[in-house]
Every structure is written in structure tokens, then in C-alpha cells.
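Have a look at the model first.

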Amino acid sequence: MRAEMEKRVSELETEFREGQRMLADLEAKQADLQQTLLRISGALQVLNELLAAENASEADAAEPAPSAAASQPADA
């Protein structure tokens, strides 16, 4: 009976170490994925800001310049 318990303890210790190793691997993958998502998020923000600035400059270029006559009140 004792030999069986010692064998089972050994098996469980091996499984426990393997589980710890797998958990460490998953945590490392999670950290890598978080860094990747952070980089993608930053790239998206920069590109969206550039697009917004480009759209604003295109909108400014498309609007006609106000004429001098339109800006002065008409005399009656």
C-alpha cells in the first residue's frame, strides 16, 4: 500500500510540475499577445489621426474662400 501511495505522489508531482510549466508558457503567450495588441492599437490611433487630418485639409481646400463683398454689410 505504501509503495502505491509513493508512486501516486510521484505521478502527481510530475503532473503538477508539467501544469506549472504549461501555465508559465500560457502567461508568456498572453504577455506577448498583449504587447502585440498594444502596438496594433497605437498604429490604429496614428493612422486614424492622419486620416482625420487629411480629411480636414481636403475639406478646407474644397470650401470656397469668402469674398470681400460677402463679408461687408450692404449699405441701404
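Start with Arg8 and Glu11, which sit three residues apart, about one turn of the helix, and both belong to helix α1 (residues 2–62). Helices here are DSSP runs of H or I with at least four residues, strands are runs of E with at least two, and both are numbered from the N terminus. Before going further, some ground rules: this is a predicted model, so local features need pLDDT of at least 70 and side-chain atom pairs count only at pLDDT 80 or more, while totals for chains, interfaces and linings use all residues. Residues are numbered from 1 along each chain as its sequence is written, and side-chain values use heavy atoms, leaving out hydrogens and water.

Back to that pair. Arg8 and Glu11 form a salt bridge, with the closest N and O atoms 3.3 Å apart; the term means a side-chain nitrogen of Lys or Arg within 4 Å of a carboxyl oxygen of Asp or Glu. How exposed are the two partners? Arg8 is partly exposed at 41% relative accessible area, and Glu11 is partly exposed at 33%. For the record, buried is under 20% relative accessible area, exposed is over 50%, and partly exposed is in between (1.4 Å probe, protein chains only).

Arg8 has another partner, too: its side chain meets that of Glu15 in a salt bridge at 4.0 Å, N to O. That links Arg8, Glu11 and Glu15 in a network of salt bridges.

Further along, Arg21 pairs with Asp25 in a salt bridge whose closest N and O atoms are 2.7 Å apart. These two are four residues apart in helix α1, about one helical turn. Arg21 is partly exposed at 42% relative accessibility, and Asp25 is partly exposed at 36%. The structure holds five salt bridges in total.

Leu33, Leu37, Ile40 and Leu44 form a nonpolar patch on the surface, with about 380 Å² of accessible area together. Patches take residues with over 30% relative accessible area and no salt bridge, joining like charges within 9 Å and nonpolar side chains (Val, Leu, Ile, Met, Phe, Trp, Tyr) within 5 Å. Ile40 lies in helix α1 and is partly exposed at 44%.

Finally, zoom out. The protein chain has two helices and zero strands, and buried residues make up 0% of its 76 residues. Its accessible surface is about 7200 Å², 60% of it belonging to carbon and sulfur atoms. Accessible areas come from the Shrake-Rupley method with a 1.4 Å probe, and for residues only the protein chains shown count as cover.
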